[in-house]
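This report walks through one protein model, from a single aromatic contact out to the overall fold. Please keep the sequence and the structure in view while reading.

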Amino acid sequence: MNRSSALLLAFVFLSGCQALAPVSTDGTPPVADSTAAPEKPKVYSSFSEETIFSLLSAELAGQRNRYDIALDNYVTQAINTQDPGISERAFRIAEYLGADQAALDSALIWARNAPEDLEAQRAAAIQLARSGRYDDSMVYMEKVLQGQGDTHFDFLALSAADTDQDTRDGLMNSFDRLLQRHPNNGQLIFGKALLLQQNGDSQGALSLLEKNPPEAGEVAPILLRARLLQSLNRGDEALPLLEKSIRQYPDDKRLRLTYARLLVEQDRMDDAKTEFSSLVQQYPDDDELRYSLALVCLEAKAWEEAKGYLEDLIARDSHVDSAHLNLGRIAEERSDPQGALIEYAQVTPGSEYLPAQLRQADILMENGRSVEAQNRLAKERDEQPDYAIQLYLIEVETLAANKHEDRAWSVLDKALKQYPDDLNLLYTRAMQAEKRNDLAQMERDLRQIIKRDPDNAMALNALGYTLSDRTTRYDEAKTLIEQAHQLSPEDPAVLDSLGWVNFRLGNLDEAERYLRQALERFPDQEVAAHLGEVLWAKGKQREAKQIWAKFLKEQPDSPILRSTIKRLTGSETL
């Protein structure tokens with residue numbers, strides 16, 4: 001501790017005040033500092049009386065949880081005094097409060113006035129990165145690197161994930177410059193691999209890691225390498241890599257968890273269940289692991305085991321809503337609709353609430369209890385008004401799916417009288433109107449959505465497709481679909497519509513191109529029917545039949561495939 005900081009603490013303790021402890025980086029609030037008072041320094045002239053009074057006021061404010069006052073005083077005095085001890089204190093308080101600008105300003109003062117303090121240089125680098133000043137950040141991070149300190153190049157790379165391409169390119173150049181001076185630095189290599197992954201160059205990132213094996217004890221590069229292999233459809237190579245690493249570091253939880261999740265992705269459910277069971281035994285208080293194990297058991301159709309783990313979670317008051325939702329699904333799998341209803345009814349408002357409401361409505365309607373289902377949903381709307389629109393949509397969806405179309409239409413009318421401007425309700429009514437052959441109502445609703453939200457690609461596409469499929473307004477349809485395509489160029493539904501309208505216009509080559517793209521992105525029976533029809537029109541009947549046969553094998557009762565085949569071949573069979 002330097003003399004000026006010691007003097008500050010001496011004054012604080014002599015005044016009978018407790019010093020505001022430095023705020024920890026783990027998010028715990030400031031607490032009283034119980035360390036012994038430092039020996040009273042011999043020099044008292046380092047700070048002015050005004051500074052001492054301001055800092056004492058900050059300490060007293062901190063005692064009373066007025067951290068805003070404490071922060072303001074400390075930042076002011078950090079600027080005035082340029083003292084590293086004061087600026088560090090200001091930085092810790094600012095970091096705890098989430099005051100980004102104050103954290104940056106105080107970190108820079110601290111780093112500038114404590115050039116040998118690696119923690120100060122690291123703090124400045126991270127704050128600069130958070131503010132998007134990556135080149136400046138790298139200057140400070142290199143000081144940490146030169147001082148043999150632990151850098152955070154991985155943080156710098158990860159923090160760039162949500163930035164624009166120019167920023168990521170600039171950071172990549174900075175990494176390359178540093179790597180020229182420190183070619184064997186593992187943290188730099190790992191950071192660059194992260195950047196390459198963000199830029200979509202998974203193979204480049206993998207090659208970099210493979211050429212530069214991690215040093216002993218470095219696990220993060222191994223985890224990244226495994227993820228990269230999986231993303232390149234080489235998961236079979238990732239598993240032995242992780243198995244070898246687990247033998248090296250048997251107590252590393254991250255390695256074993258990644259291995260278990262990769263087993264799930266490889267559809268090796270029994271092995272994944274064994275691995276997650278072992279993890280739960282090793283970390284019995286980790287309910288995230290217990291919930292993951294329950295989900296793996298569900299995937300493996302080990303219903304009784306899954307039920308036991310889910311009930312354990314409820315008893316531990318952890319993941320309660322998710323547990324009830326999945327217990328309901330288990331009851332459905334066991335043909336116990338009443339048991340499923342009991343479980344779904346216990347799901348409270350939150351992320352699992354609407355799926356639970358949907359399943360309750362489905363079960364009741366499938367069992368001839370549609371009035372009870374509607375009454376339940378009406379009661380939920382009264383009790384949970386924030387979910388009213390979504391509950392109306394669930395009621396409409398389940399009624400329509402169970403062939404109660406007129407009642408679904410009535411519910412939509414009621415909902416739109418209550419919420420006349422809701423775009424989701426309008427879109428749903430448009431889709432129901434199309435099924436009722438009320439194209440005028442469908443168009444009015446979709447036009448209203450587009451008027452209020454001109455960039456609504458879903459409404460543009462729906463109107464364009466219907467006009468191309470159900471009318472002869474092909475040019476108008478194409479304009480609408482092209483607008484949707486500009487907004488969502490990779491959306492397979494839009495690509496399908498674009499292919500279909502080109503087919504209607506006689507542009508068979510364009511139609512085939514777009515429909516092949518759509519089918520590649522979304523292997524769907526309707527897209528397959530459309531592509532087959534275009535191929536048939538181009539004289540490629542054999543390929544058309546092959547495509548239809550493939551999808552008929554998966555969905556033998558597909559009405560659109562059957563009707564297309566019958567219309568073109570005169571027979572429902574190929």
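## A tyrosine pair

Tyr 387 is buried, at a relative accessible area of 18%. Buried here means under 20% relative accessible area, exposed means over 50%, and partly exposed lies in between (1.4 Å probe, protein chains only). The model is a predicted one: local features need pLDDT of at least 70, side-chain atom pairs count only at pLDDT 80 or more, and totals for chains, interfaces and linings use all residues. Residues are numbered from 1 along each chain as its sequence is written, and side-chain values use heavy atoms, with hydrogens and water left out.

A search of the whole structure finds five aromatic pairs. One of them joins Tyr 353 and Tyr 387, with 4.7 Å centre to centre and 55 degrees between the planes, a tilted arrangement. Rings of Phe, Tyr and Trp (its six-membered ring) pair if their centres lie within 6.5 Å; planes under 30 degrees apart are stacked, over 60 edge-to-face, and the rest tilted. Tyr 353 belongs to helix H20 (residues 353-366), while Tyr 387 is in the loop between helix H21 (370-383) and helix H22 (388-401), so the pair ties together parts 34 residues apart in sequence. Tyr 353 is buried as well, with a relative accessible area of 1%.

## Around the pair

Pro 349 sits in the loop between helix H19 (337-345) and H20. Its relative accessible area is 38%, so Pro 349 is partly exposed. Setting aside neighbours within four places in sequence, Pro 349 is in contact (heavy atoms within 4.5 Å) with Asp 321, Gln 384 and Tyr 387. Pro 349 and Asp 386 are 37 residues apart in sequence, and their C-alpha atoms are 9.6 Å apart in space.

Gln 374 lies in helix H21. Gln 374 is buried, at 17% relative accessible area. Beyond its neighbours within four places in sequence, Gln 374 is in contact with Met 365, Glu 395, Leu 399, Arg 407 and Val 411.

## Fold and cores

The protein has 32 helices and zero strands. Helices (H or I, at least four residues) and strands (E, at least two) are DSSP runs, numbered from the N terminus. Of the 574 residues in the protein, 47% are buried. Among contacts between residues at least 6 apart in sequence, 49% join residues at least 24 apart.

In soluble globular proteins, nonpolar side chains tend to be buried together. A nonpolar core is a set of buried Ala, Val, Leu, Ile, Met, Phe, Trp, Tyr and Cys residues joined through side-chain atoms within 4.5 Å. The largest such core here has 67 residues, and those with the most contacts inside it are Leu 425, Leu 446, Leu 463, Leu 519 and Ile 547. Apart from this core lies another, of 58 residues, including Ala 129, Ala 193, Leu 263 and Leu 293. Leaving aside neighbours within four places in sequence, Leu 463 touches Met 442, Glu 443, Leu 446, Arg 447, Ile 450 and Leu 480 in the contact sense.

What span should helix H5 (residues 100-113) have at 1.5 Å a residue? Its 14 residues should span 20 Å, and its end C-alpha atoms are 20 Å apart, which agrees. The expected span is 1.5 Å times one less than the number of residues. Buried residues of H5 include Leu 104, Leu 108, Ile 109 and Trp 110.

Helix H3 (residues 67-81) has 15 residues and reaches 20 Å from first C-alpha to last, close to the expected 21 Å. Among its buried residues are Tyr 67, Leu 71, Tyr 74 and Val 75. Gln 82 follows H3 and has a positive phi, near 60 degrees.

## Loops with positive phi

Asn 233 is in the loop between helix H12 (220-231) and helix H13 (235-248). Its phi is near 60 degrees, positive in a residue other than glycine. Asn 233 counts as exposed, at 72% relative accessibility.

His 319 is in the loop between helix H17 (303-315) and helix H18 (320-333). His 319 is not a glycine, yet its phi is positive, about 50 degrees. At 24% relative accessibility, His 319 is partly exposed.

## Charges over rings

The charged end of Arg 436 sits over the ring of Trp 409, 4.3 Å from its centre. Arg 513 lies over the face of Tyr 514, at 4.4 Å from the ring centre. The criterion is NZ of Lys or CZ of Arg within 6 Å of the ring centre and within 35 degrees of the ring normal.
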